[in-house]
Amino acid sequence: MSELHDECGVFGIFKNDENLDIVEETYLALYALQHRGEVGAGIAVNDNGKMVYYKDFGVVPEALPERELARLKNGQIALGHVKYASGGQVDHADLAPLVMRYIQGQLALCMNGALTNHDELKEDLQKGAAIFQSNGDTEIIAYLIARARTKTGTIEEAVQEAVRQLKGAYAVVLMSPSKLIGVRDTMGIRPLCMGTIGESYAFASESCVFDSMGGKFIRDIQPGEMVVIDSEGVHSYKENCGEKTAACIFEYVFFARPDSVVDGVSVDMARQRAGIMLAKQCPVEADIVCGVPDCGRSAAIGYSMESGIPYATGIIKNKYLGRGFRNRKRHSEYIMRIKLNALKNNVEGKRVIVIDDSILKGKTSKHIVDLLRNAGAKEVHMRVASPPFKSPCYLTSDTTEKEDLIAARMTVEEMREYMGADSLGFLSVESIKEMAKESSLSICDACFTGNYPLDVSHALRENKYSQKI
């Protein structure tokens, strides 16, 4: 089980169905995106230009209790957000949606990603007397839009002017008094797609939202594209499109739900393909193949299909760890013991191949090997459906410093000895892009190769935790 976490998930909907309750629909959409963030959640609703919102810490049902949702009016436009914190203390002001008032009325925003020119933009805005309440990038983008709006004729022009100043990875959904707008970074690093729920148009981080809500997935937003939804329909602006692309490979490895389709690629099929390639590259004799829940399962099925070794459930995951438990000041080893358990009946006396999606620090992998051995596994062979994770990611996830990454300081044999596995094998760097070979975009694999698709400043490296939203 990877120790990697994505920052958040975003959702926005423009109501065209008279009887549609967009507060309820947004709440359900956030449930579908819960895997992208468990620290906080929020919903903002636009009722004829008046925006009301509620946000708090916790998973969706904790953060958004029914009594608070009942106070939100069923307006025409709504935004939703689930947040994951990369590290450090999270203030309530860092939760989203961010709702602000400026000379043109109100504006609300949600964001997934990180800006590499965060410090430069913030300093410039502060020199212009901007006062910041939060630590993240969303407020910077809101200020840029507000400033541009005082100089341009439309909100569309203001958003385009603002995003031209942004560098980094971002998917932004925002609402003005009369419009819902979605924008994706020019390289397509962060995902954003569009679909319908009934007759109403919506944006979401992943296509699984529309499937789970009985809606229809239409398409991915193109890198650099801005899509505007209003009472007249859907409008696309592609003035900022056409740059090189670098979609994050970890959407397929770990971040996205297996039932999503990201840039033309089924996430489940991509993971199965990785497992198939892994079986060819790292074969071993064994009795069963099992996957680390949840993201190792599809790769384990692929490994089983290619190797002919039966697939079985070997590890069980406790999914019901609420915010109160997660925030307890206990050692990570204690939390892992509560979160994972081995299925003794399936592994006792067996030679077990366990498939994980990735390995960062290695502590979870060591714990999994110990679990299986304590449950009576005769042999434990660890296989990883991605290459060794050697370089921190500064654009999409909360990975630690390079010296904390086990693959950056140990050989594969040294990692095997640390974990206590009988063997250890990784998918090759040359194969990783093959798992998403049908993607309409080029792929970023910097976490494996150190080849970042854009300049990652020293300021971001030093302050990345405070900038994730």
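Which backbone nitrogen lies 3.1 Å from a polar atom of the side chain of Ser439? The backbone nitrogen is that of Leu441. This is a polar contact, meaning a pair of N or O atoms within 3.5 Å; within protein, one must be able to donate a hydrogen and the other to accept it, and residues adjacent in sequence count only if both atoms are side-chain atoms.

The model is predicted: local features need pLDDT of at least 70 and side-chain atom pairs count only at pLDDT 80 or more, while totals for chains, interfaces and linings use all residues. Residues are numbered from 1 along each chain as its sequence is written, and side-chain values use heavy atoms, with hydrogens and water left out.

**The chain as a whole**

The protein chain has 19 helices and 23 strands. Helices (H or I, at least four residues) and strands (E, at least two) are DSSP runs, numbered from the N terminus. Of the 469 residues in the protein chain, 59% are buried. Buried stands for under 20% relative accessible area, exposed for over 50%, and partly exposed for values in between (1.4 Å probe, protein chains only). The chain exposes about 18600 Å², and carbon and sulfur atoms supply 46% of that area. Accessible areas come from the Shrake-Rupley method with a 1.4 Å probe; for residues, only the protein chains shown count as cover. Among contacts (heavy atoms within 4.5 Å) with a separation of 6 or more, 71% are between residues 24 or more positions apart.

**Around Ser439 and Asp263**

Ser439 is found in the loop between α17 (429-432) and β23 (443-444). Ser439 counts as buried because its relative accessibility is 13%. Neighbours within four places in sequence aside, Ser439 is in contact with Tyr252, Asp263 and Val265. Asp263 itself sits in the loop between β15 (261-262) and β16 (265-266). With a relative accessible area of 3%, Asp263 is buried. Its phi is near 50 degrees, a positive value in a residue other than glycine.

**Backbone exceptions**

Most residues other than glycine have a negative phi, and most peptide bonds are trans. Asn48, which is not a glycine, has a positive phi of about 55 degrees. It is found in the loop between β2 (40-47) and β3 (50-57) and is exposed, with a relative accessible area of 74%.

| Cis peptide bond | Omega | Loop |
|---|---|---|
| Ala96 and Pro97 | about 5 degrees | Pro97: between β4 (77-83) and β5 (98-102) |
| Pro293 and Asp294 | about 0 degrees | Asp294: between β17 (288-291) and α10 (297-307) |

**Two helices**

In α10, the buried residues are Ser298, Ala299, Ala300, Gly302, Tyr303 and Ser304. Their cover includes α9 (267-281), β17, β20 (351-356) and β21 (379-384). Just after α10, Gly308 takes a positive phi of about 80 degrees.

Helix α6 (residues 155-163) is mostly covered, with seven of its nine residues buried. These are Ile155, Glu156, Ala158, Val159, Gln160, Ala162 and Val163.

**The second largest pocket**

The second largest pocket has a volume of about 320 Å³. Of the 19 residues that line it, the closest to its centre are Leu166, Lys167, Gly168, Thr186 and Leu454. On a 1 Å grid over the protein atoms alone, a pocket is an open set of points where a 1.4 Å probe fits, with protein on both sides within 12 Å along at least five of seven lines; lining residues have an atom within 4 Å of a point. Grid points are joined across faces, edges and corners, and a volume is the space filled by probe spheres set on the points. Strands β7 (168-175) and β8 (180-184) each supply at least two residues of the lining.

Asn112 lies in strand β6 (residues 105-115). Is Asn112 buried or exposed? At 0% relative accessibility, Asn112 is buried. A polar atom of its side chain lies 3.5 Å from the backbone oxygen of Cys8.

Glu199 has its place in the loop between β9 (193-197) and β10 (200-204). Glu199 is exposed, with a relative accessible area of 56%. The C-alpha atoms of Glu199 and Lys15 are separated by 7.8 Å, although the two are 184 residues apart along the chain. Leaving aside neighbours within four places in sequence, Glu199 is in contact with Asn16 and Asp17.
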